[in-house]
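Q: Please show me how to read the features of a model like the one below. Begin wherever you like.

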Amino acid sequence: VQLQAFGGGLVQPGGSLRLSCAASGSIFSINVMAWYRLAPGKQRELVAAISSGSSTNYADSVKGRFTISRDNAKNTVYLQMNSLKPEDTAVYYCNAWIGISPISTLGEYWGQGTQVTVSS
């Protein structure tokens, strides 16, 4: 199983970016999918998470600006980031809990990370 993230880049403050992360491989089911970020000198932070039933959870710092969504048919999670601030600059990682068979326990998988830089 692999998670591959796309969509990072350089954007000016107030701008928008959309991240996507596709899971591939031997997948039976995907439970929670999430985005984390890691900024220099800071601890890893949960940005947003979405359950298989599309319940969502956001860090206080991104509420009202970021939207997480998923396409279960494509095994893909998205993060729409609006009104970006310099403090959103970080490497963003996608994360998913995936079952590879009907009887397997869920395993935690991580994408490779994509850099988001917010700067004028």
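A: Begin with a loop. Asn75 is placed in the loop between β7 (66-71) and β8 (76-81). Strands here are DSSP runs (E, at least two residues) and helices are runs of H or I of at least four residues, both numbered from the N terminus.

Q: How far can I trust the model, and how is it numbered?

A: This is a predicted model, in which local features need pLDDT of at least 70 and side-chain atom pairs count only at pLDDT 80 or more, while totals for chains, interfaces and linings use all residues. Residues are numbered from 1 along each chain as its sequence is written, and side-chain values use heavy atoms, with hydrogens and water left out.

Q: What is the phi of Asn75?

A: Most residues other than glycine have a negative phi. Asn75 is not a glycine, yet its phi is positive, about 50°. Ser54, also not a glycine, has a positive phi of about 75°. Ser54 sits in the loop between β5 (45-50) and β6 (56-58).

Q: Is Ser54 buried, partly exposed or exposed?

A: Buried means under 20% relative accessible area, exposed means over 50%, and partly exposed lies in between (1.4 Å probe, protein chains only). Ser54 has 43% relative accessibility, so Ser54 is partly exposed. Asn75, at 24%, counts as partly exposed too. Buried residues make up 38% of the 120 residues in the protein.

Q: How many helices and strands does the protein have?

A: The protein has zero helices and eleven strands. Its radius of gyration is 14 Å, close to the 14 Å that the globule rule gives for 120 residues, so the protein is as compact as a globular protein of that length. That radius is taken over C-alpha atoms, and the rule is 2.2 Å times the number of residues to the power 0.38. Along its principal axes, the C-alpha trace spans about 50 × 25 × 25 Å.

Q: Which residues does the disulfide join?

A: A disulfide is a pair of cysteine sulfur atoms within 2.5 Å. The structure holds one, joining Cys21 to Cys94 with an S to S distance of 2.0 Å. The pair links distant parts of the chain, 73 residues apart: Cys21 is in strand β3 (residues 17-24) and Cys94 in strand β9 (residues 90-99). Both Cys21 and Cys94 are buried. Their link is right-handed, with 50° about the S-S bond.
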